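Subject: The structure for you to look at

Hi there,

Here is the structure I promised to pass on. Please open it beside this email and follow along as you read.

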Amino acid sequence: MAASYRAFVLRNTRLRPTPGLEEVRLHLADDVLPLWHAVQVETGDLDADLPYWAFAWGGGLAIGRYLREHPQAVAGRRVFDLASGSGLCAIAAMHVGAAGATAADIDPFAATAIELNARANGYRMTVIRRDVLDEDPPDVDVILAGDWSYEARLAGRVLPWLQQARDRGIDVLVGDPGRRYLPSDELVELASYEVRTTSELEDLELTQGRVYALRSS
Ligand SMILES: C[S@@+](CC[C@H](N)C(=O)[O-])C[C@H]1O[C@@H](n2cnc3c(N)ncnc32)[C@H](O)[C@@H]1O
């Protein structure tokens, strides 16, 4: 873990229970925009990604709640958390007995936050920092994919990758709070939860987070 990323995450977040999923402790920030500005200053990149990693998003929270109610979905199984952000879904899976978890995110700050958060919850997990969407799906039992349909381009890449995984026999769980590019026609709703995201970009409103499986081909 690069020392500067680690110091940045620790300086700009506070380790605390995740609202609505208190058994998962995460390094969370309060405000997106000041933190985004700090990332831009730190990296010298005005186009730096939003610091998704410092917040728990509606899709991930819904998956966490689903796993709490349905531990058998991951217990004793190998889990892959795509677009992991803080590592929320992977950590929630480990809490209910996953055999192991791998978390993937393209943002180097996210990779650092995932490692810190995993450790804070007493877990070790593999963290992948590259874009896996151009690769074959991983050799795992379950893929968790929380909150990725906020951008058309990303949503257009994630769906076929998840479908490819499903066609290879991997279980896929998608979590989403009603984002614009959610491919609803390709999904089957499994559960719905009231969740409160930790980002003020979403007004900290209670919102409906839904968990889906992929429609069979
Ligand atoms: C809204 S956050 C969701 C984080 C977490 N799953 C949750 O629900 O709290 C979306 C995450 O997707 C990541 N991301 C974007 N493109 C990606 C890609 N090609 N592969 C992996 N992660 C990606 C972003 O860096 C960001 O951390």
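Below are my notes, starting with the whole chain and ending with single residues.

First, some ground rules. This is a predicted model, in which local features need pLDDT of at least 70 and side-chain atom pairs count only at pLDDT 80 or more, while totals for chains, interfaces and linings use all residues. Residues are numbered from 1 along each chain as its sequence is written, and side-chain values use heavy atoms, with hydrogens and water left out.

**The whole chain**

The chain has six helices and nine strands; these are DSSP runs numbered from the N terminus, with helices being H or I of at least four residues and strands E of at least two. Its radius of gyration is 16 Å, close to the 17 Å that the globule rule gives for 217 residues, so the chain is as compact as a globular protein of that length. (That radius is taken over C-alpha atoms, and the rule is 2.2 Å times the number of residues to the power 0.38.) Along its principal axes, the C-alpha trace spans about 45 × 35 × 35 Å.

Of the 217 residues, 52% count as buried. Buried means under 20% relative accessible area, exposed means over 50%, and partly exposed is in between, using a 1.4 Å probe and protein chains only. The accessible surface comes to about 9700 Å², and 47% of it belongs to carbon and sulfur atoms; these areas come from the Shrake-Rupley method with a 1.4 Å probe, and for residues only the protein chains shown count as cover. Among contacts (heavy atoms within 4.5 Å) between residues at least 6 apart in sequence, 66% join residues at least 24 apart.

**Two helix pairs**

Helix 3 (residues 58-69) and helix 4 (residues 88-95) pack at an angle of about 5 degrees, with their axes 9 Å apart. Axes here are lines fitted to C-alpha atoms, for helices over the stretch in contact, and angles run from 0 to 180 degrees between N-to-C directions. Helix 3 and helix 4 are therefore roughly parallel to each other. (Under 35 degrees counts as roughly parallel, over 145 as roughly antiparallel, 65 to 115 as roughly perpendicular and the rest as oblique.) On the helix 3 side you will find Gly 60, Leu 61, Ile 63, Gly 64 and Leu 67, which meet Leu 88, Cys 89, Ala 92 and Ala 93 of helix 4. By class, that contact has seven nonpolar, two polar and no charged residues. The classes are Ala, Val, Leu, Ile, Met, Phe, Trp, Tyr, Cys and Pro as nonpolar, Asp, Glu, Lys and Arg as charged, and the others, Gly among them, as polar.

Seven of the eight residues of helix 4 are buried, so this helix is largely enclosed by the rest of the structure. The buried ones are Leu 88, Cys 89, Ala 90, Ile 91, Ala 92, Ala 93 and Met 94. After helix 4 comes Gly 97, with a positive phi near 105 degrees.

Helix 1 (residues 3-12) and helix 5 (residues 108-120) also have their axes 9 Å apart, but pack at about 70 degrees. This pair is therefore roughly perpendicular. Tyr 5, Arg 6, Phe 8, Val 9 and Leu 10 of helix 1 meet Pro 108, Phe 109, Thr 112, Ala 113 and Leu 116 of helix 5. Their contact has eight nonpolar residues, one polar and one charged.

- Leu 162 lies in helix 6 (residues 152-167) and is buried, with a relative accessible area of 0%. Leaving aside neighbours within four places in sequence, Leu 162 is in contact with Leu 82, Ile 143, Ala 145, Trp 148, Val 172, Val 174 and Leu 214.
- Pro 51 sits in the loop between helix 2 and helix 3, buried at 1% relative accessible area. Not counting residues up to four places away in sequence, Pro 51 touches Val 32, Leu 35, Trp 36 and Val 39.
- Val 32 belongs to helix 2 (residues 32-43) and is buried too, at 2%.
- Ala 83, in the loop between strand 3 (78-82) and helix 4, has a positive phi near 60 degrees though it is not a glycine. Ala 83 is partly exposed, at 32%.
- Asp 147, in the loop between strand 6 (142-146) and helix 6, has a positive phi near 65 degrees, again in a residue other than glycine. Asp 147 is buried, at 8%.
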